[in-house]
Amino acid sequence: MYPSVTRWKTLLRTTALSLLAAVAAAGVGAGPASAADGNVAWTVRTASNGYGEARSSYSYNVNPGGVVEDAMVVANRGPSPLTLSVYAADGFTTDAGQLDLFTKDKKSIAIGAWVKAGAGGVVIQPGKTAQVPFTISIPDNATPGDYVGGILTALTQADQAEGINVDRRLGIRIKLRVGGELKPNLAIEDLHVTYAGSANPFSKGDATITYKVHNVGNAALSGQQAVSVSGPFGLLRVRAKDIAAPPELLPGESWNVTVPVHGVAPAISLAATATLTPLLTDASGSTTSLKPVTVTAHGWAPPWTLALALVVLVAALVGAYLCRRRNRTQRKVREDARVRNAVAQALRGQEPQTS
């Protein structure tokens with residue numbers, strides 16, 4: 001169950017404030033999730049039944065065509081009667097790497113469509129609790145693999161200051177694995193490397209590696225990452241440090257990764273290698289490492305400042321050579337003129353003039 005607050009504002013439609021329980025999103029710990037605002041306060045928790053007691057979230061393994069029946073317990077902690085709507089929604093991973101659930105105005109096609117609450121709403125008196133049953137009906141043609149969503153309670157209130165309605169939501173995560181062949185697989189896509197050198201021609205620079213982690217399988221996966229950069233023939237290899245793990249990605253989801261690598265020599269041609277080890281977590285919480293995926297891309301790291309220094313040196317040498325050659329040519333021209341003048345004077349019977 002997880003507390004996340006998200007607000008959407010529009011001029012003519014309902015504004016939603018999403019509040020979920022962090023423990024349910026993480027899948028660890030136990031205890032109720034709560035929402036409180038002034039005189040309005042309520043909590044939600046899983047019901048105690050054959051699936052377990054004090055569960056932090058709902059987790060099931062069901063075959064296509066199967067049915068699950070469970071319940072959520074809602075408690076009114078405020079001083080006034082509480083009217084809540086109840087519905088289910090598909091889950092997704094946000095840009096911050098957190099699990100969130102679709103708002104009611106967005107169409108769900110999996111858990112949000114398969115879960116049906118016993119009622120679309122519930123009225124709870126102060127200090128009382130209500131058990132809300134729900135049923136999950138898996139279609140016969142459901143694709144095997146992992147699905148994540150949640151069941152939510154929502155309270156709509158008017159915000160007089162802003163002239164809009166606000167939906168305060170509180171829910172519990174549902175993780176469902178549909179039986180069949182499990183094909184967990186992560187891919188590395190769009191791998192690129194760029195290089196930024198130093199003004200010092202003999203100093204090292206920084207490389208930046210970017211790529212996308214794409215869950216192309218049918219199981220929710222996290223992963224461990226390793227990135228290195230090397231010169232031609234694998235020489236001068238440098239490995240990146242402290243690479244943050246991507247969040248657990250649902251099937252079809254992607255995650256953009258940017259990794260800086262410091263102390264890279266300007267080896268003209270660079271090879272960037274990214275290795276991703278998928279991590280699969282089962283219903284018991286045990287994690288299994290799968291076969292690593294490795295991709296390599298190439299980029300340029302020309303030693304521009306050193307090349308510029310060499311160009312300047314070559315230009316100076318060429319200039320000195322041309323200057324020396326010009327001086328020698330000028331001296332030869334002067335000597336040839338003196339010889340011609342001496343010969344001409346001798347032919348005229350005159351003493352040659354010296355200069």
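Val-314, Val-318, Tyr-321 and Leu-322 make a nonpolar surface patch of about 380 Å². The model is a predicted one. Val-314 is partly exposed, with a relative accessible area of 48%. A residue needs over 30% to join a patch, so Val-314 qualifies on that count.

## The chain as a whole

The chain has 355 residues, and 41% of them are buried. It holds 3 helices and 21 strands. Its accessible surface comes to about 19700 Å². Carbon and sulfur atoms account for 55% of that surface.

Strands of a sheet pair through backbone hydrogen bonds. Strand 15, residues 205–215, pairs with strand 18 over 10 bridges. Within this pairing, where does Val-213 stand? Val-213 is opposite Trp-255 in strand 18.

## Strand 5 and its two faces

Strand 5 runs over residues 58–62. In a regular strand, side chains alternate between the two faces of the sheet. In strand 5, Tyr-58, Tyr-60 and Val-62 form the covered face. Ser-59 and Asn-61 form the uncovered one.

Strand 5 also has a parallel partner. It pairs with strand 13 over 5 bridges. Val-62, from the covered face, stands opposite Val-178 in strand 13.

## Salt bridges

Side chains of opposite charge can pair when their charged atoms come close. How many salt bridges does the count give? The count comes to 4. Three of them are described here, starting with Arg-55 and Asp-70.

The side chains of Arg-55 and Asp-70 meet at 2.8 Å, N to O. Arg-55 sits in the loop between strand 4 (40–46) and strand 5, while Asp-70 is in strand 6 (residues 67–76). The two residues are 15 apart, and the pair links distant parts of the chain.

Strand 13, residues 164–178, holds Arg-169. Arg-169 forms a salt bridge with Asp-100, and their closest N and O atoms are 3.7 Å apart. Asp-100 lies in strand 8 (residues 99–101), 69 residues away from Arg-169. Both partners, Arg-169 and Asp-100, are buried.

Arg-177 pairs with Asp-146 in another salt bridge. Here the closest N and O atoms are 2.6 Å apart. What does this pair tie together? Asp-146 is in strand 12 (residues 145–159) and Arg-177 is in strand 13, so the bridge joins parts 31 residues apart in sequence. Asp-146 and Arg-177 are both buried.

Note on methods: Residues are numbered from 1 along each chain as its sequence is written. This is a predicted model: local features need pLDDT of at least 70, side-chain atom pairs count only at pLDDT 80 or more; totals for chains, interfaces and linings use all residues. Side-chain values use heavy atoms; hydrogens and water are left out. Patches are made of residues with over 30% relative accessible area and no salt bridge: like charges are joined within 9 Å, nonpolar side chains (Val, Leu, Ile, Met, Phe, Trp, Tyr) within 5 Å. Accessible areas come from the Shrake-Rupley method with a 1.4 Å probe; for residues, only the protein chains shown count as cover. Buried means under 20% relative accessible area, exposed over 50%, partly exposed in between (1.4 Å probe, protein chains only). Two strands pair if DSSP finds at least two bridges between them. Helices (H or I, at least four residues) and strands (E, at least two) are DSSP runs, numbered from the N terminus.
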